[in-house]
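Thanks for coming. I will go through the pockets, then the ligand, then the sheet.

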Amino acid sequence: MVLDDLGSSLRGTLDTLQGKSRLSEDDVEAIVKEIQRSLLSADVDVSLVMELSDAIESRALEEEPPGGTTARDHVLKIVYEELVDLVGDSTELPLESQTILLAGLQGSGKTTSAAKMAWWFSKKGLRPAVIQTDTFRPGAYDQAKQMCERAEVEFYGDPDAEDPVQIARDGLEETADADVHIVDTAGRHALEDDLIAEIEAIETAVDPDRSLLVLDAAIGQGAKEQASQFEQSIGIEGVVITKLDGTAKGGGALTAVNETDSSIAFLGTGETVQDIERFEPSGFISRLLG
Ligand code: GDP
């Protein structure tokens with residue numbers, strides 16, 4: 001079975017198909033309705049849900065189950081394939097020298113994710129360094145420094161400096177021996193012009209190999225605007241979804257992935273530096289449907 005952790009109502013609907021070799025239109029409609037309900041309550045964008053359910057519906061009605069496959073398993077396979085198509089594979093992250101820029105609003109979990117990612121790269125045998133350019137949020141410097149100490153990774157920041165671009169430049173120079181440079185940036189409470197101007201200037205100075213957008217799993221409708229703004233200003237290669245240890249399912253991040261034509265890189269699953277996982281489609285899909 002490709003999906004082993006389905007929501008109970010979807011599982012119930014699928015179980016009524018047990019033993020059938022063909023699905024009726026009513027069967028398909030019932031399944032599609034359950035999937036729509038789960039995805040909408042997981043904050044997946046309405047138009048994405050509609051696109052997906054149309055694709056599932058037409059394939060389930062048109063495709064013949066291969067010999068030996070029950071109708072139930074066949075439809076489950078279609079659901080899984082269509083969701084994988086939407087969610088995508090994890091963002092490619094070669095284990096080599098690179099510079100990663102983190103973007104996102106204040107509180108999304110950038111600083112925490114920077115330290116977590118550095119810890120993750122260090123466990124892969126690379127030498128990471130975190131560069132903290134957030135001069136906007138009081139406490140950001142101390143928080144990043146402490147987390148990097150816990151992660152046992154190199155850290156650069158300057159609590160007395162005011163210019164984030166200069167901090168980024170100095171940081172890259174000071175940590176030149178590191179392989180992976182993770183540049184944390186300041187957020188704002190909302191998408192303000194000065195935030196966009198600042199991150200564009202940092203992006204130009206740092207010239208990252210990839211920029212990742214950090215999003216709180218609880219983000220709903222706001223995901224679209226944020227994603228398109230950051231995509232326009234710096235280009236987004238991947239999304240980090242944080243706070244997946246809470247009740248939110250992270251469906252809003254799919255809107256961001258779709259909007260930026262990117263993929264998901266990491267999942268944040270707690271407040272400590274080890275609480276990070278590389279994105280993996282099937283677990284995430286089970287959670288969305290659960
Ligand atoms: P920033 O403003 O984007 O740098 O956000 P922070 O990294 O400071 O994170 C904001 C808050 O969210 C902090 O209290 C973090 O401890 C918390 N946080 C970040 N990631 C996670 C996560 O994956 N799970 C939980 N439970 N809390 C998180």
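Which helices each supply at least two residues of the lining of the second largest pocket? They are α3 (46–62), α4 (71–87) and α10 (252–260). Before I go on, please keep in mind that this is a predicted model.

Let me stay with that second largest pocket. The space in it comes to about 190 Å³. α4 gives the most to the lining, with four residues. Sorted by class, the lining has five nonpolar, three polar and four charged residues.

Now the largest pocket. Its volume is about 310 Å³. The lining is made up of 20 residues, and those closest to the centre of the pocket are Gly 107, Gly 109, Thr 112, Gln 143 and Lys 243. Two helices, α5 (110–123) and α6 (140–151), each supply at least two lining residues here. The largest share, five residues, comes from α5. What is the class make-up of this lining? There is one nonpolar residue, against 11 polar and eight charged ones.

Next, the ligand. It is surrounded by 18 residues, and the closest of these are Gly 107, Lys 110, Thr 111, Thr 112 and Asp 245. Gly 107 and Thr 112 are also among the residues closest to the centre of the largest pocket.

For Lys 110, a polar backbone atom is 2.8 Å from a ligand oxygen. Gly 268 also uses its backbone: an N or O atom there lies 3.3 Å from an oxygen atom of the ligand. With Arg 137 it is the side chain, where an N or O atom is 3.2 Å from a ligand oxygen.

Last, the sheet. How many strands form it, and in what order? Eight strands form an open sheet, and the order across it is β3-β2-β4-β1-β5-β6-β7-β8, with mixed pairing. At the edges are β3 (154–156) and β8 (276–278), each of which pairs on one side only. On average, neighbouring strands are turned by 25° against each other, with direction ignored.

As a reminder, strands of a sheet pair through backbone hydrogen bonds, either parallel or antiparallel. Strand β2 (residues 128–132) pairs with β3 in the parallel sense, over three bridges. In one of the bridges between these strands, Val 130 has Phe 155 of β3 as its partner.

That is what I have for today.

Methods:
Residues numbered from 1 in each chain as written. Predicted model: local features only at pLDDT ≥ 70, side-chain atom pairs only at ≥ 80, totals over all residues. Heavy atoms only, no water. Pairing = 2+ DSSP bridges. Axes fitted to C-alpha atoms, helices over the stretch in contact; angles between N-to-C directions. 1 Å grid on protein atoms, 1.4 Å probe; cavity = no way out; pocket = protein on both sides within 12 Å on 5 of 7 lines; lining within 4 Å. Points joined across faces, edges and corners; volume = space filled by probe spheres on them. Nonpolar A, V, L, I, M, F, W, Y, C, P; charged D, E, K, R; others polar. Near = heavy atom within 4 Å. Polar contact = N/O pair within 3.5 Å; in protein donor to acceptor, adjacent residues only side chain to side chain.
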